[in-house]
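Hi everyone, thanks for making time.

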Amino acid sequence: MYDPKKRSYKCKSIPATDWNEQTKAEEWRSAWAEICNQELEQNGHAERIDHRSYARQGIDQIPTVHLGVAAFQMEKRGIRTERGNLNREIEVSNQRLRQLKARISKLQNWLKDEAANTEPPTLADVIQGILSKQEQTGKQS
């Protein structure tokens, strides 16, 4: 049956501005980061804000998940949440990733040094290498 009290009107809205366009979000975020960075610089802080994602910045890091107000308050009171647990796991993964990158960097530098060293090893170098290998195998067993 038709009930005149429950009328639903449908109307088509015509946007008068371009506020809802996706490209505007990028402009707003960029402007926000610029203003924040100006304030940070004026107040003597070295930190800077970048509105781009880690991937767009070229940073190999896993982004954390936004907690939200309720989860943040629970975490603040010491109550663990799923999102908080996920962020803690992400932090551990990012720390391991940084450690691995540091090791790789050290190895690459060592390889460069070894490639630059074209002199043949002396007898003392060979004996020292053998002794250090024996010490390592002795510690392992």
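**A walk along the helices**

Let me start with E75, which is buried, with a relative accessible area of 19%. Buried here is anything under 20%. And before I go on, please keep in mind that this is a predicted model.

So what does E75 pair up with? E75 forms a salt bridge with R88, and their closest N and O atoms are 2.9 Å apart. That pair links distant parts of the chain, since E75 sits in helix 3 and R88 in helix 4, 13 residues apart. R88 is partly exposed, at a relative accessible area of 29%.

Now the overall form. The C-alpha atoms fill a box of roughly 100 × 35 × 35 Å along the principal axes. A compact globule of 141 residues would have a radius of gyration near 14 Å, but this protein chain has 29 Å. Buried residues make up 9% of the 141 residues. The chain exposes about 13300 Å², with carbon and sulfur atoms supplying 55% of that. And if you take contacts between residues at least 6 apart in sequence, 29% of them join residues at least 24 apart.

Let's go to helix 1, residues 22–42. With 21 residues at 1.5 Å each, helix 1 should span 30 Å, and its end C-alpha atoms are 31 Å apart, which agrees. Its buried residues are K24, A25, A33, C36, N37 and L40. After helix 1 comes G44, with a positive phi, near 80°.

K24 forms a salt bridge with E27, with the closest N and O atoms 3.5 Å apart. Why does that pairing fit the helix? K24 and E27 are three residues apart in helix 1, so about one helical turn separates them. In general, an α-helix has 3.6 residues a turn, so residues three or four places apart point the same way. As for cover, K24 counts as buried at 17% relative accessibility, while E27 counts as partly exposed at 44%.

By the way, the salt bridge count comes to five. One more of them I'd like to show you: D60 with K101, where the closest N and O atoms are 3.4 Å apart. This pair also links distant parts of the chain, with D60 in the loop between helix 2 (54–57) and helix 3 (69–76), and K101 in helix 4, 41 residues apart. D60 counts as exposed at 55% relative accessibility, and K101 is partly exposed at 37%.

While we're on helix 4, residues 82–116, have a look at N94, which is in that helix. Is N94 buried or exposed? Buried, with a relative accessible area of 1%. Leaving aside neighbours within four places in sequence, N94 is in contact with Q61 and I62.

Last stop, helix 5, residues 123–140, where you'll find L131. L131 is partly exposed, with a relative accessible area of 40%. Together, L123, I127 and L131 make a nonpolar surface patch of about 290 Å².

Definitions and conventions:
Residues are numbered from 1 along each chain as its sequence is written. This is a predicted model: local features need pLDDT of at least 70, side-chain atom pairs count only at pLDDT 80 or more; totals for chains, interfaces and linings use all residues. Side-chain values use heavy atoms; hydrogens and water are left out. Helices (H or I, at least four residues) and strands (E, at least two) are DSSP runs, numbered from the N terminus. The expected span of a helix is 1.5 Å times one less than its number of residues. Buried means under 20% relative accessible area, exposed over 50%, partly exposed in between (1.4 Å probe, protein chains only). Patches are made of residues with over 30% relative accessible area and no salt bridge: like charges are joined within 9 Å, nonpolar side chains (Val, Leu, Ile, Met, Phe, Trp, Tyr) within 5 Å. Accessible areas come from the Shrake-Rupley method with a 1.4 Å probe; for residues, only the protein chains shown count as cover. A salt bridge is a side-chain nitrogen of Lys or Arg within 4 Å of a carboxyl oxygen of Asp or Glu. Contact means heavy atoms within 4.5 Å. The radius of gyration is taken over C-alpha atoms; the globule rule is 2.2 Å times the number of residues to the power 0.38.
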